[in-house]
Each structure stands twice: as structure tokens, then as C-alpha cells.
Protein chains: 2
Amino acid sequence: MTSNQAPAPARRLDAARNRDKILAAARTAFADPQAEVSMAEIARRAGVGMATLYRNFPGRRELLEALFADEVDAICAAAEAMGGADPKVAFTAWLHRFFAFITSKRPIATELLEHTDSANPIFGGNRDRVVAAARPLFAAAKEAHAVRDDLTLEQALDLVIAIATIHRDSRYVEPILQAAIDGLSPRRP
Amino acid sequence: MTSNQAPAPARRLDAARNRDKILAAARTAFADPQAEVSMAEIARRAGVGMATLYRNFPGRRELLEALFADEVDAICAAAEAMGGADPKVAFTAWLHRFFAFITSKRPIATELLEHTDSANPIFGGNRDRVVAAARPLFAAAKEAHAVRDDLTLEQALDLVIAIATIHRDSRYVEPILQAAIDGLSPRRP
């Protein structure tokens with residue numbers, strides 16, 4: 001195999017590194033509510049040229065979708081990683097993580113909605129992926145009687161998503177989230 | 001006192017009845033998501049002429065504000081009426097009532113926002129009225145150790161308001177609301 005048939009390993013590694021640098025720069029840029037996040041600004045922050053940026057992401061929408069999918073991967077991986085822990089602790093800890101995921105991805109999701117529409121499979125499909133990843137944690141918590149019988153996983157997630165609509169600082173919202181998550185446990189007589 | 005100095009009691013009663021009929025008709029009309037709610041339609045449903053309608057409410061906005069203020073009166077009165085009951089039962093029952101109030105007033109509030117803006121004192125002022133009316137119920141529940149120490153009344157209300165953003169049928173949302181309200185109680189060790 002010669003270098004004009006396929007990229008050499010070093011070049012492939014460079015390309016992957018560039019993609020990661022761009023995604024990391026874009027993630028940081030979108031997390032800063034003051035920042036004007038143009039494609040040029042993302043290239044500048046990532047330390048790559050515009051040609052490299054556009055070779056990786058033909059447009060702003062593709063970049064946003066990749067960022068969004070990356071964060072969904074992370075929240076799904078977190079659910080899988082919690083498999084061994086005490087079922088109640090694992091599910092509760094993951095719900096807190098899920099809350100952080102929703103509030104942190106909000107700027108990206110909001111802008112993505114402007115570039116696309118909510119019927120875009122990236123939304124429905126990602127919700128399905130998150131639900132599937134959390135399913136074993138939820139089942140284990142239910143089996144351990146750590147979750148009330150009258151709630152499904154979807155209802156528990158919608159409760160957490162609802163609390164993310166409270167646009168106040170985390171000192172205000174955290175105790176609300178904690179109360180709601182405690183409420184998912186069965187009531188003791 | 002003669003009838004050309006002030007309306008006779010019978011005429012004042014008629015006027016009050018007309019106003020009530022208009023508000024009742026408007027409330028029903030706005031509760032029907034299929035209905036086209038024009039001023040003419042409201043007059044028709046109330047069985048009054050357009051002149052009577054406009055004498056009571058010079059415009060659609062004034063009618064919406066009166067409807068909204070009426071519902072706020074009702075939820076405040078409900079808080080006061082619950083004074084004598086067991087503090088936990090009273091506060092919990094009122095939160096369920098408050099939830100029903102938020103979900104039922106949504107069509108009116110949404111349209112009112114189109115005719116005005118959210119800085120309109122009718123919003124902030126009404127929130128303050130509801131908080132003030134619920135304050136004694138909350139204080140009694142807290143005194144009875146029926147509400148966790150780390151939550152304020154505003155946080156409890158924001159939790160209920162957040163759950164009202166879940167746009168699903170009541171069979172889906174009710175258990176979520178119940179779990180959240182249970183979560184307001186202190187955790188037992």
C-alpha cells in the first residue's frame with residue numbers, strides 16, 4: 001500500500017487530530033454566551049485554516065450536528081460506565097449528569113433548531129439513543145425498588161428535562177432537581 | 001336618588017350579569033383549542049350584542065386581562081380557603097390546583113403575550129399575588145416539617161410550573177407531578 005492509494009497513518013492521525021481540535025474549539029466557543037461564534041472564529045480558536053475547517057465540516061449545520069452527536073455519545077457512554085454501581089446511586093448520578101448534559105447542550109440545540117427543524121432525525125434519533133442507553137440503569141433501579149412503580153423511564157427523563165426549563169442559576173435550580181429526583185423513589189409508608 | 005343620577009339596582013345587576021356572561025363565554029371559548037375566538041364569537045356565545053361587549057371590554061386585550069385576573073383571583077382564593085386543613089395536605093392539594101391553573105390558563109396567557117409583552121405588570125404582579133397567597137400555606141407546611149428545608153416557596157412553584165411545560169396528556173403528566181410533589185417532603189433517613 002503506497003501513500004497515493006490511502007492516507008499514511010501519520011496523515012490520518014493528523015486529520016483526526018484536526019477534527020478533534022475543531023470540535024473542542026467549537027464546544028468551548030458555544031459554551032461562552034458572550035462569544036460571536038463564526039466559522040472563522042472557530043478556525044482561529046482551533047488553530048487550523050479555513051480550508052481544513054471546511055474539509056471537515058462543509059457547513060455550520062454539519063459542525064453543530066457533530067457537536068450534538070458527540071455530546072449524546074458522551075451521555076450514553078456515561079450510562080454504560082455506571083453499570084456496576086448500586087442501582088439507585090447509579091441511576092440518580094446519571095440523572096444529574098443527564099441534567100448537566102441538557103443545560104450545557106442548550107445553546108447548540110437552539111442554534112441547530114434555527115438551521116434545521118425539530119422533525120430532523122438528529123433530535124428524535126438522539127432521544128431514542130439516550131433512552132436506550134439509560135434503559136438498563138432504570139431497569140436495575142426498578143428491580144431494586146429504588147424507583148416508584150407508576151413511572152416509566154420516559155417520564156423520569158421528561159421530569160429532568162422540564163426542570164432544565166427553569167432559567168435560573170444552578171444554586172437556585174440544584175435543590176429543585178434534587179427534590180424531584182428524590183421524588184422518583186417510592187414513598188415510604 | 002332618581003334613575004338618571006345613577007343606574008337603578010336592577011340595571012346595575014343586569015350590567016354585572018352581562019359582564020359575568022361575557023367572561024364565562026370567553027373562558028369556555030378559549031378552553032376549546034379548535035375554536036376561532038373572535039370578539040363576535042364571544043358576543044354570540046354570551047348572548048349579548050357587540051355594543052354591550054365593547055362597553056364592558058373596549059378591546060380583546062382588556063378582555064384577556066380580565067379573564068387572566070379572574071383566574072388568578074380564584075387560585076389565590078383557593079389558597080386562603082385551605083387555611084384550616086392539615087398543613088401538608090393543604091399545601092399539596094393547593095399545588096395540584098396550581099398546576100391545573102397553569103395548564104388551563106395557558107391559551108389565555110399565550111394570546112395575552114401576543115397582545116402585550118411579558119414586562120406587562122399583569123404577569124409580574126400576578127405572580128407576586130399568587131406567591132403572597134400561598135405563603136401562609138407554605139409556612140405552615142414548613143413548620144410541620146412537611147417541606148424540605150432547602151427549598152423556598154418560589155422554588156416549589158417553579159418546579160410545578162416546569163412540569164406544566166411537558167405537553168402530554170394528563171395520564172402521562174400526573175404521575176410526574178405526583179413524584180415531584182412527593183419530592184418536596186423531607187427525605188426520611
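Residues are numbered from 1 along each chain as its sequence is written, and chains are lettered from A in the order in which they are written. In this predicted model local features need pLDDT of at least 70, side-chain atom pairs count only at pLDDT 80 or more, and totals for chains, interfaces and linings use all residues, while side-chain values use heavy atoms, with hydrogens and water left out.

Helix 2 of chain A spans residues 39–46, helices being DSSP runs of H or I with at least four residues, numbered from the N terminus. Within this helix Met39(A), Glu41(A), Ile42(A), Ala43(A) and Ala46(A) are buried, a term that stands for under 20% relative accessible area, computed with a 1.4 Å probe on protein chains only. The cover over these buried residues includes helix 1 (9–31), helix 3 (50–56) and helix 4 (60–81) of chain A, where contact means heavy atoms within 4.5 Å. After helix 2 of chain A comes Gly47(A), which has a positive phi, near 70°.

Over all chains, the structure holds six aromatic pairs, in which the ring centres of Phe, Tyr or Trp (its six-membered ring) lie within 6.5 Å, with planes under 30 degrees apart counted as stacked, over 60 as edge-to-face and the rest as tilted. Phe91(A) and Phe138(A) form an edge-to-face pair, at 5.4 Å centre to centre and with 65° between the planes. Phe91(A) belongs to helix 5 (residues 87–115) and Phe138(A) to helix 6 (residues 121–143) of chain A, so the pair ties together parts that are 47 residues apart in sequence. Both Phe91(A) and Phe138(A) are buried. Trp94(A) and Phe98(A), by their geometry, are a stacked pair, with 5.3 Å between centres and 15° between planes; both lie in helix 5 of chain A, four residues apart, about one turn of the helix. Ring pairs also link Trp94(A), Phe98(A) and Phe101(A) into a cluster.

Chain A and chain B bury about 2000 Å² between them, 56% of it on carbon and sulfur atoms, buried area being the accessible area (1.4 Å probe) that two parts lose on being put together, summed over both. The contact takes 27 residues from chain A and 26 residues from chain B. Two salt bridges are counted between the chains, each being a side-chain nitrogen of Lys or Arg within 4 Å of a carboxyl oxygen of Asp or Glu. Arg148(A) forms a salt bridge with Asp182(B), with the closest N and O atoms 2.7 Å apart. Helix 8 of chain A supplies the largest share of the side of chain A that touches chain B, nine residues.

Conventions:
Buried means under 20% relative accessible area, exposed over 50%, partly exposed in between (1.4 Å probe, protein chains only). Helices (H or I, at least four residues) and strands (E, at least two) are DSSP runs, numbered from the N terminus.
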